[in-house]
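This report describes a sheet, a helix and a ligand site. Please look at the sequence and the structure before reading on.

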Amino acid sequence: MELLKKRILQDGKCFPGGILKVDSFINHQMDPTLMYEIGKEFMARFKDRPINKIVTIEASGIAPAIFVGYLMHLPVVFIKKKQPKTMENMLTSVVHSFTKDRDYTVCISSNFLCPEDHILFIDDFLAFGNAAKGVIDLCKQSGATIEGMGFIIEKAFQGGRKVMDDENIKVESLAIVEDLSDCKIVLR
Ligand code: 5GP
């Protein structure tokens with residue numbers, strides 16, 4: 001997606017350890033016009049799939065997921081990173097966060113992820129694929145089918161795509177980062 005790639009090169013910042021900071025337009029301050037275009041691009045890339053629900057994980061996946069859900073007229077459900085006392089029929093999975101370097105338990109209610117669901121998962125980044133592993137686990141527990149996974153930015157050098165390839169899941173990333181070493185952003 002050219003508009004996104006241009007913006008990453010213009011406003012993205014490299015941090016040591018292979019981290020790309022896009023907090024001026026994606027995950028702190030947000031650009032709704034760009035987010036709307038991102039939603040349209042995801043819709044176009046997954047339009048051939050029988051999707052009935054958009055799933056994401058808080059917090060940074062929610063904004064793009066809402067645009068996709070709005071455009072496709074589908075409900076959006078987000079996986080929570082804290083377990084609310086009041087959640088009914090909770091499914092959980094443990095996810096390792098490499099940006100925070102710790103494990104955390106994510107959860108979703110099986111009231112909103114069930115065997116009839118054909119989901120599209122949307123998130124801001126694909127790095128090592130740990131969040132994606134958790135989503136796959138939750139979908140297996142619930143009996144839901146994953147129709148595809150869409151990421152705004154994939155860091156190809158961290159290899160997370162293999163997680164989906166091993167499960168035969170369709171992946172679409174709107175910008176692919178090949179390298180971040182020497183504090184230079186190299187896009188595919
Ligand atoms: P993964 O689970 O694929 O290893 O990492 C994906 C998650 O970690 C995303 O949900 C995202 O929030 C966070 N993440 C991974 N890499 C980056 C990065 O380079 N920059 C930012 N801002 N977040 C990242």
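## Ligand contacts

A polar side-chain atom of Lys155 lies 2.6 Å from an oxygen atom of the ligand. The protein covers 86% of the 500 Å² of accessible area that the ligand has on its own. These values come from a predicted model.

Asp123 also takes part through its side chain, where an N or O atom is 2.9 Å from an oxygen atom of the ligand. Leu20 uses its backbone instead: an N or O atom there lies 2.7 Å from a nitrogen atom of the ligand. In total, 16 residues surround the ligand, and the closest are Leu20, Ala127, Gly129, Ala131 and Lys155.

## The sheet

Six strands make up an open sheet with mixed pairing, and their order is E4-E3-E7-E8-E9-E10. The edges are held by strand E4 (76–79) and strand E10 (186–187); each has a single partner strand, so one side of each is left without a neighbour in the sheet. In general, strands of a sheet pair through backbone hydrogen bonds, and the pairing is either parallel or antiparallel.

Strand E3 (residues 53–57) pairs with E4 in the parallel sense, over four bridges. Thr56 has Phe78, in E4, as its bridge partner.

## The helix across the sheet

Helix H3 covers residues 62–72. This helix lies across four strands: E3, E4, strand E7 (118–126) and strand E8 (145–155). Relative to E3, helix H3 runs at about 175°.

Terms used. Residues are numbered from 1 along each chain as its sequence is written. This is a predicted model: local features need pLDDT of at least 70, side-chain atom pairs count only at pLDDT 80 or more; totals for chains, interfaces and linings use all residues. Side-chain values use heavy atoms; hydrogens and water are left out. Two strands pair if DSSP finds at least two bridges between them. Helices (H or I, at least four residues) and strands (E, at least two) are DSSP runs, numbered from the N terminus. Contact means heavy atoms within 4.5 Å. Axes are lines fitted to C-alpha atoms, for helices over the stretch in contact, and angles run from 0 to 180 degrees between N-to-C directions. A residue is near a molecule or strand if one of its heavy atoms lies within 4 Å of it. A polar contact is a pair of N or O atoms within 3.5 Å; within protein, one must be able to donate a hydrogen and the other to accept it, and residues adjacent in sequence count only if both atoms are side-chain atoms. Accessible areas come from the Shrake-Rupley method with a 1.4 Å probe; for residues, only the protein chains shown count as cover.
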